Amino acid sequence: MQSFQMVYFVIILLVFAGCEAYEAKYELVNGIPYNKDAPAHDEYPYCPPDKIIDIDGTEITIPCFCSQGEDGFLPIFYCNDIPNTDYITAYFDRPFPTYLAARITVSNSDTLEIPANVFADKQPIRITWTNNFIKSVDPNAFALTKPELEILEIQYEPELNDFPFTSLNGFPRLRELWLNNNNLSIISDLAEMSVPSLQIINLDFNNMAVEFPKLRFLPELRIISAEASELIGVSNDLPFEELQKLEEINFRGNKNIGSIQTGSFVFDQQTSINNIDLSNCGLVSVEPGAFAGLLSNTNVSLKDNLLTSLPEEAFRVMLETMIGGSGKLDLSGNDIVCCCDVNWLISNAGLEAALIGGKCAGGALINQLPLDYLAPLCPQMSSSSSLYS
């Protein structure tokens with residue numbers, strides 16, 4: 001049993017457990033609210049005892065287990081092989097020594113839904129829900145976790161096709177949202193999500209089959225990832241312009257995007273964007289103005305696509321920006337038809353310095369061709385000179 005450092009400070013909470021209300025009094029012990037009147041685990045004083053329920057005359061211990069966290073105080077809960085969510089509710093909906101938790105994990109269980117207030121009044125810093133069979137998430141599933149929740153992970157749930165993004169609006173500490181490896185096809189309210197502290201959104205390996213929408217109310221967002229999630233496009237309504245702290249966009253493997261529209265990747269002059277990955281997206285064209293506001297150290301990957309042309313109106317400004325820093329445009333795995341419409345690039349040695357890969361249909365790498373390679377075919381352009389001449 002760990003020793004307690006008592007601090008005289010009392011918190012009184014009115015907690016609704018199921019249909020009944022109970023008053024819980026907490027004192028700060030080692031900086032953590034502690035209810036000395038609540039039953040405690042024999043080994044871990046901040047944990048509750050095991051929960052035993054009666055099922056048809058048979059006593060069963062709910063397979064949720066509690067241990068101490070890395071700090072030695074905040075509890076960690078692990079629920080595995082749960083028959084249904086009623087068991088989870090029964091475990092958490094009772095007085096605990098503390099309502100705080102480092103983490104709650106639910107895995108490998110037959111939980112068809114995440115119901116409202118599934119963890120009762122408990123407030124974990126991190127929630128992980130993985131490898132279950134959930135089909136829906138109630139908009140109030142995590143409402144009472146709002147004050148402390150920093151990381152929410154719902155992953156590897158093949159029956160889950162919808163998530164109530166706006167139910168997280170106003171969560172003051174939420175930093176990371178991981179919804180990868182599900183079957184999400186409905187993301188209609190993602191555009192209205194307003195979480196001022198959110199830094200990471202991961203939607204990898206879903207089945208969205210929509211355009212990625214404009215995001216506006218996520219001022220701290222740094223990383224957006226929706227790899228191989230069946231996106232069919234990216235909004236042309238300046239979807240990332242208001243995200244000044246955005247550093248990375250990963251859309252690789254969305255083979256049905258096809259074309260990057262004007263306005264899709266336009267950034268504010270205060271942008272922080274470092275990497276944009278659109279590799280293996282089935283791209284056949286990039287419209288003029290698709291990319292704007294990039295930094296000199298921004299890397300853009302268009303590798304392993306189906307591009308056959310490099311319109312000057314779409315690419316010149318991008319490359320001119322990149323040669324001022326460490327940024328690169330990766331065109332590996334695209335077979336470019338090297339005719340007069342790419343002479344603007346081949347005849348400018350300075351621009352080629354920002355290029356990775358990219359070869360003519362005959363196999364020659366664009367950045368290794370002589371400056372006058374297309375001069376005989378394009379005499380009207382033969383006067384084009386190096387960027388620095």
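Leaving out neighbours within four places in sequence, A90 is in contact with K51 and I62, where contact means heavy atoms within 4.5 Å. The model is a predicted one, in which local features need pLDDT of at least 70, side-chain atom pairs count only at pLDDT 80 or more, and totals for chains, interfaces and linings use all residues. Residues are numbered from 1 along each chain as its sequence is written, and side-chain values use heavy atoms, with hydrogens and water left out.

A90 belongs to helix α1, residues 85–92; helices (H or I, at least four residues) and strands (E, at least two) are DSSP runs numbered from the N terminus. With a relative accessibility of 25%, A90 counts as partly exposed, since that class lies between buried, under 20% relative accessible area, and exposed, over 50% (1.4 Å probe, protein chains only).

Strands β7 and β8 pair in the parallel sense over five bridges, pairing being assigned if DSSP finds at least two bridges between two strands, and F77 has I104 as its bridge partner in β8. The chain crosses from β7 through α1 to β8, and this β-α-β crossover is right-handed, meaning that, with the strands pointing away from the viewer, the path from the first strand over the helix to the second runs clockwise. On β8 there is also a parallel pairing with β10, over seven bridges, in which the bridge partner of A101 is P124 of β10. Because six of the eight residues of strand β8 (residues 100–107) are buried, this strand is largely enclosed by the rest of the structure.

Across the whole structure, a search finds 19 aromatic pairs, counted for rings of Phe, Tyr and Trp (its six-membered ring) if their centres lie within 6.5 Å, with planes under 30 degrees apart taken as stacked, over 60 as edge-to-face and the rest as tilted. One of them is the edge-to-face pair of F77 and F92, at 5.3 Å centre to centre and 65° between the planes, which links strand β7 to helix α1 across 15 residues of chain; both F77 and F92 are buried. The rings of F119 and W129 have centres 6.0 Å apart and planes at 45°, so this pair is tilted. Ring pairs link F77, Y91, F92, F96, F119 and W129 into a cluster.
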